Amino acid sequence: MSTVRICVCGDEATGKSSLITSLVKDVFVTNKIQSVLPQITIPPSIGTPENVTTTIVDTSALPQERNTLRKEIRKSNVILLVYSDHYSYERVALFWMPYFRSLGVNVPVVLCANKSDLTTNGNTAQVVEDEMLPVMAEFKEIDSCIRTSAREHHNVNEVFFLCQKAVTHPIAPLFDSKEGNLKPAAVAALKRIFYLCDKDQDGYLNDQEMHDFQAKCFEKPLSADDLDNIKLSISKSSPASDLEKGIDQKGFIHLNKIFAEKGRHETIWIILRKFHYTDSLSLKDSFLHPKFEIPEYSSAELSPAGYRFFVDLFLLFDKDNDGGLNDLELDALFAPTPGQPPFWLETSFPSSTVRNEAGHITLQGWLAQWSMTTFVSPSTTLSYLAYLGFEPTGGPRNSTTSALKITKPRKRRRRPGRVERNVVLCYVLGAPSSGKSSLLDAFLNRPFDALYHPTIKPRTAVNSVELQGGKQCYLILEELGELEPAILENQAKLDACDLICYTYDSSEPDSFSHIVSLRERFPQLDDLPAIYTALKADQDKTTQRSEKQPDEYTMALNMNAPLHVSVTWNSISELFVTLAEAATNPSTAFPKSEEEPPDRTGVYVALGATACALIAAVMIWRRSTNSN
């Protein structure tokens, strides 16, 4: 917020105008020229909360000015309600607060007991106890209270500072004064902040983590005395706390509760805003969803910084060092988030990727899952990087986009050469019971299940594949289930696909005809590179009921003959390498041209070399002739 608009209200003769004049002129003015002062704007200055511009509007309580009063109240960000005697105090609860509510305004109110220089009003502690606290208990919109004197210039600056702070650092979202506790949303935000600052995830903020927290939030060091005082305050409320290890989550929450109780809620807001929280205690949308545009024909992948972050996260939460994340470890890891991404639930995580014998996701599977998530939904990865505390070391400030990179556009798939992608998508198409699901199981190193389970919803599997030369890429295999027709009719889905794997059961005579009819029904599939695969090659091969046998069919297309494989063979991994190679070298999986044009580069180079040699020989002959 760049401007704070203060509406000064209260009965006549309570000193509203005198407070404003005393603030502006720094002296008490006895002779007022006008009953209502004109609007005053104060530019930002050192010490102003959030460096805001402040507009102060004086008002009249006279009945004939009620329309103006109503308009000004509705335009304000905060109301300064001034009273000065018993009568005007009684009017706070009987008239003013109900009047504000009747206007439907939802702004904080600062209650001001003016003319404290009059000795008949009692001391400050008595006024607060007898007058202010009962009204604050009845009306929750009263943010704070203060006692002032315009004549003696007592707390004049402070009362307007409280008004500014009520807008820039509101107490209402943080603290329930009636219950005497931080509100649930504030506690949830502070718990997440504790989690992110507990770098070793031991449940304590040790001295170094507290120093790092102080530097991040307040940009100044935490002195040893200050740290000792913090620990002393926590020990008084929680004697059982093991402060030798550091400050635990309960102590961290209690520390912020102390800030709220002592009126230092701006300290809590500084912490919250440094961790990208809004006034409603939600994370900023620009933080969760930064601008990240992907050009046509390009895709998003994790950058080295992104992979490093997810590797470190896995190792940090693999508490038992068994090489896998169990359910409890996953729950702890996703504690500062809304839970696992919805996309993961759609892909039946963790069955979508690599798990160990105990069924826990491995580091290989963890990275593969995030690679697929980034490929399919980069916005999901960006939001979870924000939730999980990724701190950029390059790129835009406070942006998670440095954890991602954009691949070069893949426009012409038939052009020879490798596509610069490390994550590729392959649709596995074929007749029911042709062995597609078993192929995905084998891809994830799952044991073969002879029992047939029809695929209804699309199913996805992702794993890393080592290409020739040692380069690694992530291959996503997806069988489409009953949504196959809808997906193949969706051009955007086909544009995202890098390869088609046509599969058929070589032991079932009616299996291959499904591929033939599929290509006839969806001619747009011809625009995608493809590999033909004969599954169940461990069983007796049978003649296909098709106009052409698979080998003849692919030969007529100038395509490679089908690969004969079985998920029961150890060599099945070679198929996945072949698929990944074809996806990253798409020109190799298109029909071959009948006659490749000759490469004349060598001829041109040879002719050039011959010409140069002839010119050199002539020059040498001329020199020798001239010398003779």
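For residue classes here, Ala, Val, Leu, Ile, Met, Phe, Trp, Tyr, Cys and Pro count as nonpolar, Asp, Glu, Lys and Arg as charged, and the others, Gly among them, as polar. By that scheme, the lining of the largest pocket has 19 nonpolar, 6 polar and 9 charged residues. Keep in mind that this is a predicted model, where local features need pLDDT of at least 70 and side-chain atom pairs count only at pLDDT 80 or more, while totals for chains, interfaces and linings use all residues. Numbering starts from 1 along each chain as its sequence is written, and side-chain values use heavy atoms, with hydrogens and water left out.

**Domains**
- The assignment (bounds come from an automatic or database domain assignment) gives domain 1 (3-168), domain 2 (181-282), domain 3 (303-328 + 338-407), domain 4 (423-588) and domain 5 (600-627).
- Taken over C-alpha atoms, the centres of domain 2 and domain 4 are 54 Å apart.

**The largest pocket**
- Its volume is about 880 Å³, a volume being the space filled by probe spheres set on grid points, which are joined across faces, edges and corners.
- A pocket is an open set of points on a 1 Å grid over the protein atoms alone, where a 1.4 Å probe fits, with protein on both sides within 12 Å along at least five of seven lines; lining residues have an atom within 4 Å of a point.
- Of the 34 lining residues, Lys140, Ile142, Asp143, Ile171 and Ala172 sit closest to the pocket centre.
- Domain 1 and domain 2 each give at least three residues to the lining.
- At least two lining residues come from each of helix H4 (124-138), strand S6 (142-147), helix H5 (156-168), strand S7 (175-176) and helix H9 (249-261); helices (H or I, at least four residues) and strands (E, at least two) are DSSP runs, numbered from the N terminus.

**Helix H17 against helix H22**
- The axes (lines fitted to C-alpha atoms over the stretch in contact, with angles from 0 to 180 degrees between N-to-C directions) of H17 (residues 436-443) and H22 (residues 572-584) come within 10 Å and cross at roughly 95°.
- Leu439, Ala442 and Phe443 of H17 meet Ile572, Leu575 and Phe576 of H22, where contact means heavy atoms within 4.5 Å.
- This contact has 6 nonpolar, no polar and no charged residues.

**Backbone spots to check**
- The Phe349 to Pro350 peptide bond is cis, with omega near 10°, and Pro350 lies in the loop between helix H14 (342-346) and strand S13 (361-362).
- His276 isn't a glycine, yet has a positive phi of about 70°.
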